[in-house]
Amino acid sequence: VHTKSFHIHIKYYNQTTEWLLSRTRHRPKIAVVCGSGLGLLADGVTNKEIFPYADIPNFPVSTVPGHEGCLVFGILKGKSCVFMQGRFHLYEGYSLCKVTFPVRIFKLLGVETLIVTNASGGLCPDFKVGDIMLIKDHINLPGFAGQHPLCGPNDERFGIRFPCMSDAYSKDLRKLALDISHELDYTNFVREGVYCMVSGPNFETIAEARMLQVLGCDSVDI
């Protein structure tokens, strides 16, 4: 694969960031990626400003049902936030650098905390349909084959060349979520586990699901 397919020039990131900053008064420190059917997470936002993906320069467009395709800026519990109502997938034909384009935009906007959600398939036999799993670690199967969002030229504005992934998911935020689940008496359906990313668009075969269980995966998604 040619190196250029892994790379988006910084000028496109700057164009998108400047376009958004010139149109919203919000300066979010928290970003939330809403997975399939979870766009309603942005319903509680006040002082809302909504930008359809199709209107944002250089932004990908969601093509999957359940992904509304809007950036929602606003205030939630006194915090300035931005919500992605819908995300992008490798199986839609986007490169991984395009799939992760919004995350780098969030970095340039000044976001410090990223919360990612999705609807995934359970692999752990102890899980039940509808359980909430806090991701404590992940396995990126496409990454083993060179399909990785960090491939290509590295720009230090987005991070170091060789990031350590042993603490990718904040222990403090996970503890906070578990503490709140205890306060709300949600402990019977709030779990922690290892998430596995596969490319899709097909769901896993029975043999593949068994293999992922052997690898230590508790949930899988595309």
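A salt bridge is a side-chain nitrogen of Lys or Arg within 4 Å of a carboxyl oxygen of Asp or Glu, and the structure holds seven salt bridges. The model is predicted, so that local features need pLDDT of at least 70 and side-chain atom pairs count only at pLDDT 80 or more, while totals for chains, interfaces and linings use all residues. Residues are numbered from 1 along each chain as its sequence is written, and side-chain values use heavy atoms, with hydrogens and water left out.

**Exercise 1. Work out the strand order of the open sheet, and find which strands lie at its edges.**

Solution. Strands (E, at least two residues) and helices (H or I, at least four) are DSSP runs numbered from the N terminus, and two strands pair if DSSP finds at least two bridges between them. The open sheet has five strands in the order E2-E3-E4-E1-E5, with mixed pairing. Its edge strands are E2 (46-52) and E5 (113-116), each of which pairs on one side only. To look at one pairing in detail, take E1 (residues 30-34) and E5, which pair in the parallel sense over four bridges; within E5, Ile-115 is the bridge partner of Val-32.

**Exercise 2. Explain which parts of the chain the salt bridge between Arg-25 and Glu-49 ties together, and state whether each residue is buried or exposed.**

Solution. Begin with the distance: the closest N and O atoms of Arg-25 and Glu-49 are 2.5 Å apart. Next, place the residues: because Arg-25 lies in the loop between helix H1 (10-21) and E1, and Glu-49 in strand E2, the pair ties together parts that are 24 residues apart in sequence. For the last step, buried means under 20% relative accessible area, exposed over 50%, and partly exposed in between (1.4 Å probe, protein chains only). Arg-25 is exposed, with a relative accessible area of 55%, whereas Glu-49, at 14%, counts as buried.

**Exercise 3. Carry out the analysis for the salt bridge between Lys-29 and Glu-112.**

Solution. The side chains of Lys-29 and Glu-112 meet at 3.9 Å, N to O. Lys-29 lies in the loop between H1 and E1 and Glu-112 in the loop between H3 and E5, so this pair ties together parts that are 83 residues apart in sequence. Lys-29 counts as partly exposed at 43% relative accessibility, and Glu-112 as exposed at 64%.
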